[in-house]
Amino acid sequence: MIEFELHSPNSLAEAFSLLETYGEDARVMAGGTALVLQMKQRLAQPGHVISLRRVGGLNRIEESANGSAGLKIGALCAQQQVATSPLVKTKLPLVAETYQHVATPRIRYMASVGGGLVHGDPSQDPPPSLIALGASLTLTSASGQRVVSMEDFLIDYYETDVQPGEILTDIFIPSAPAGSGAAYLKFLPRTADDYATVAVAAVVTPGPGNVCQDVRIALGAVGTTAIHATQAEEILLGRPLTEENIRAASASVKDVVDPLDDYRGSADYKREMAEVFTRRAIQQALANAGR
Amino acid sequence: MNQSINLKVNGTNHEIEVPAQRLLVDCLRYDLGLTGTKEGCSVGVCGACTVLVNGEMSASCLTLAAAVDGAEITTIEGLAQDGRLHPVQQSFIDHGGFQCGICTPGQVMAAKALLDVNPNPTEQEIREWMMGNLCRCTGYYKILESIVKAIGPTQEARK
Ligand SMILES: Cc1cc2nc3c(=O)[nH]c(=O)nc-3n(C[C@H](O)[C@H](O)[C@H](O)COP(=O)(O)OP(=O)(O)OC[C@H]3O[C@@H](n4cnc5c(N)ncnc54)[C@H](O)[C@@H]3O)c2cc1C
């Protein structure tokens with residue numbers, strides 16, 4: 001393990017001033033499940049670690065007050081809190097279900113929502129579902145706030161849009177469209193606690209005549225970031241949700257994914273599975289829409 | 001640079017000097033001599049190092065001791081009360097819930113954490129909760145049975 005100095009500010013203001021003082025040499029820490037591991041492996045070597053554990057007010061889940069229906073989730077909420085929250089289960093069942101797929105209960109108790117999103121590992125579970133629901137993230141700094149969509153926030157492998165001096169403070173997840181159904185499928189051919197081999201989130205709204213009124217599809221673990229499958233959406237939007245159209249939409253994801261060969265499978269295998277799981281996710285979302 | 005921290009471990013307050021990079025598992029084992037907590041994989045996967053931090057399950061191999069300054073920690077040494085084993089401990093003994101024993105403190109802590117939040121879990125819920133505690137002897141059936149039986153005579157595991 002590397003050596004560093006630990007700071008435990010009591011407020012965001014104090015955290016911003018520490019970030020200002022130590023600049024590039026500082027890293028923010030929430031649950032520490034990713035950062036401590038990276039420091040053990042010397043992949044991260046900050047001289048100063050700023051723990052957010054004592055910063056209050058960032059661990060609430062509440063209905064949004066800004067008029068648009070949805071939930072605001074504080075960046076320091078534990079992932080287990082989101083997975084088990086009655087409010088999330090009722091208002092955004094896809095989100096509760098997705099967080100139930102993250103790692104194991106022990107890691108979910110430690111890991112925060114914000115840390116999970118800033119970490120930017122493309123195999124993580126939440127990003128596909130959050131892209132499919134159109135979530136946005138609020139980044140706060142000493143000089144103000146900015147809001148970034150989930151998909152724009154993900155830049156590259158382990159790279160996310162957090163600018164110097166910024167802290168992710170909360171995320172906003174809009175309610176799924178009326179009449180929609182949603183699904184998150186995590187393909188786990190090895191063990192139940194593994195990262196996904198391929199993951200797909202789909203939110204589909206069937207309208208009169210089974211015509212697709214709205215659809216959002218995103219994939220995880222098959223590229224350098226989670227991928228928003230807009231081509232697949234275009235194939236379905238405004239067309240009947242027939243087996244044939246669903247197959248065509250699913251096949252189109254093979255052109256946008258770019259998986260790596262690893263011990264979870266070859267790139268070719270994952271590309272095939274991306275198609276299969278996209279199809280199943282759309283079908284599952286449709287089945288859920290009937291409920 | 002050392003920091004002075006306070007940890008309430010198994011009900012006893014300790015003031016300890018630690019460097020920032022001191023992991024909770026090392027702090028417990030080397031600074032406090034509580035060697036019941038084991039270190040297995042060191043990357044948060046195996047569950048051998050499971051302790052409770054303010055009542056919640058934590059991987060002490062990924063927790064900085066100084067980051068949990070002020071917390072209440074429960075380790076395997078803190079489960080027995082007045083010389084009586086915790087029901088989960090007793091059940092592991094009665095039902096052969098271990099073989100070599102290295103994973104046992106973590107298994108027992110995880111099982112206790114489950115029963116604290118869900119006193120009457122189904123077998124499926126036990127399996128899902130315990131999937132983060134690996135047993136290289138693969139004695140999983142006996143571990144499951146020990147937890148089911150620990151639920152107590154009044155509350156049987158819901159099927
Ligand atoms: C054994 C294991 C298994 C896992 N399996 C899965 C899995 O199956 N699926 C999955 O999705 N994930 C999995 N993960 C990854 C896990 O989701 C991340 O480690 C976790 O989400 C990180 O959250 P944290 O609060 O611990 O972040 P930290 O480790 O505290 O921080 C992570 C990064 O975010 C930065 N950061 C943290 N909070 C903020 C903030 N508020 N503002 C700005 N920057 C911030 C830190 O500087 C750091 O770069 C697993 C992790 C482990 C250890």
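When it comes to lining the second largest pocket of this predicted model, α4(B) gives the most, with 7 residues. The pocket itself has a volume of about 1000 Å³. A total of 32 residues line this space, and the ones closest to its centre are Q124(B), E125(B), R127(B), E128(B) and W129(B). How does one spot such a space in the first place? Rolling a probe the size of a water molecule over the atoms shows where empty space is left.

Both chains supply elements to the lining.

Next up is the place where the two chains meet. Here, 25 residues of chain A are in contact with 31 residues of chain B. Between them, chain A and chain B bury about 2300 Å², and 63% of that lies on carbon and sulfur atoms.

On the side of chain A that touches chain B, the elements giving two or more residues are β1 (5–7), α2 (35–40) and α6. Of these, which gives the most? That would be α6(A), with 5 residues. Sorted by class, this side of chain A has 13 nonpolar, 5 polar and 7 charged residues.

Then there are the charged pairs. Side chains of opposite charge can pair when their charged atoms come close. Over all chains, the structure holds 19 salt bridges. Between chain A and chain B, the count is 1 salt bridge. Which residues form it, and how far apart are their closest N and O atoms? The partners are D69(B) and R54(A), with those atoms 3.6 Å apart. As for where they sit, D69(B) is in the loop between β4 (56–59) and β5 (72–74) of chain B, while R54(A) is in the loop between β3 (48–51) and β4 (61–63) of chain A. In other words, this pair crosses between chains, from one loop to another.

Definitions and conventions: Residues are numbered from 1 along each chain as its sequence is written. Chains are lettered from A and ligands numbered from 1 in the order in which they are written. This is a predicted model: local features need pLDDT of at least 70, side-chain atom pairs count only at pLDDT 80 or more; totals for chains, interfaces and linings use all residues. Side-chain values use heavy atoms; hydrogens and water are left out. On a 1 Å grid over the protein atoms alone, a cavity is a set of points where a 1.4 Å probe fits but cannot get out, and a pocket is an open set with protein on both sides within 12 Å along at least five of seven lines; lining residues have an atom within 4 Å of a point. Grid points are joined across faces, edges and corners, and a volume is the space filled by probe spheres set on the points. Helices (H or I, at least four residues) and strands (E, at least two) are DSSP runs, numbered from the N terminus. Contact means heavy atoms within 4.5 Å. Buried area is the accessible area (1.4 Å probe) that two parts lose on being put together, summed over both. A salt bridge is a side-chain nitrogen of Lys or Arg within 4 Å of a carboxyl oxygen of Asp or Glu. Ala, Val, Leu, Ile, Met, Phe, Trp, Tyr, Cys and Pro count as nonpolar, Asp, Glu, Lys and Arg as charged, and the others, Gly among them, as polar.
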